[in-house]
Amino acid sequence: MRIRNRWIFFIAGGLLIYHFDVITGTIKFHRMCKAEGGPRFYGQVEKNVGWEVADREAYGYDGPFAFGDVAFVRYQDKDGVRSDVRFAGYKQITPNHSEPIYVFSPVNEALPVRYRLEWKRVDLPDDERFGKTVVSITEVASAQVLATYTRIGWQWTKPERVILAASTANGCWDGSDPDEGIQPFYKSIYEFRSK
């Protein structure tokens, strides 16, 4: 009986050592989510003004429209073509699905751009399992950051260490409800408050 207990203790100790990085990573992940994840508001964002985006991808212009009450978005594509983009409603595709309609026009320099929306992915150099996605809203004239939204991403181990190479990735926006994601940020951007 004593030998069997020793083997159980030995196996449990081995598993604990093998997965110690998972345990410490989980603690770090939850601490980072609570400390850094989610929305931070530093200043007032006004409605119905011009925005610009850092994203040059094909649909990079549509980010600010998620906030609602956006006059236009100044967008430059990968080829360097600049446009002012306006939201013009929805087109009904099927009875249960509609798509937004955007109107592109040449840039009107007389219309000022007030805010800049930017998404950045930051990998943490001290631990390659962790990363951050930071959405920031900056006032163009003053370069002041008015709001940020941070999502912490974490892969607790390499997929080859688990059965059937299952995904080990996890992420949090603010440490509370990961299913809500960034939607509360979009809905409350015009209500200045600090976290």
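Student: What does the side chain of E139 make a polar contact with?
Tutor: The side chain of R114, at 3.0 Å (N or O atoms within 3.5 Å, one able to donate a hydrogen and the other to accept it; neighbours in sequence count only through side-chain atoms). This is a predicted model, so local features need pLDDT of at least 70 and side-chain atom pairs 80 or more, while totals for chains, interfaces and linings use all residues. Numbering starts from 1 along each chain, and side-chain values use heavy atoms, without hydrogens or water.

Student: Where is E139 found, and is it buried or exposed?
Tutor: E139 is in strand β7 (strands are DSSP E runs of at least two residues, helices H or I runs of at least four, numbered from the N terminus). E139 is buried at 15% relative accessible area (buried is under 20%, exposed over 50%, partly exposed in between, with a 1.4 Å probe and protein chains only).

Student: Which residues does E139 touch?
Tutor: Leaving out residues up to four places away in sequence, E139 touches R114, Y115, Q144 and L146 (heavy atoms within 4.5 Å).

Student: How many residues of β7 are buried?
Tutor: Nine of its 10, so β7 is mostly covered.

Student: And how does β6 run relative to β7, parallel or antiparallel?
Tutor: Antiparallel, with nine bridges joining β6 to β7 (two strands pair if DSSP finds at least two bridges between them). D123, for one, has G131 in β7 as its bridge partner. A hairpin of six residues joins β6 to β7. D127 sits in that loop and is buried, at 14% relative accessible area. The C-alpha atoms of D127 and G25 are 9.3 Å apart, though 102 residues separate them along the chain.

Student: What about β7 and β8?
Tutor: β7 and β8 pair in the antiparallel sense too, over nine bridges, and T138 has V145 in β8 as its bridge partner. Their hairpin has five residues between the strands, and A143 there takes a positive phi near 65 degrees.

Student: Switching to the core: which residues have the most contacts inside the largest one?
Tutor: V45, W51, F67, I137, F185 and I189, in a nonpolar core of 24 residues (buried Ala, Val, Leu, Ile, Met, Phe, Trp, Tyr and Cys joined through side-chain atoms within 4.5 Å). Elements supplying at least two residues each are β2, β3, β6, β7, β8 and α3. β8 gives the most, with three.

Student: What does I137 touch?
Tutor: Among its contacts beyond four places in sequence are V45, W51, F67, F185 and I189, and also R116 and Q144. Apart from that core lies another, of eight residues, including M32, F130, W154 and C172.

Student: OK, salt bridges. How many?
Tutor: The count comes to 11 (a Lys or Arg side-chain nitrogen within 4 Å of an Asp or Glu carboxyl oxygen). E36 and K132 meet in one, at 2.6 Å from N to O. That pair links distant parts of the chain, with E36 in helix α2 and K132 in strand β7, 96 residues apart. E36 is partly exposed at 29%, while K132 is buried at 18%.

Student: Which residue does K78 form a salt bridge with?
Tutor: E57, with the closest N and O atoms 3.3 Å apart. K78 is in the loop between β3 and β4 and E57 in the loop between β2 and β3, so the pair ties together parts 21 residues apart in sequence. K78 counts as exposed, at 61%, and E57 as partly exposed, at 43%.

Student: Which residues are joined into one network?
Tutor: R74, R82, D84 and E109, through salt bridges that share partners.
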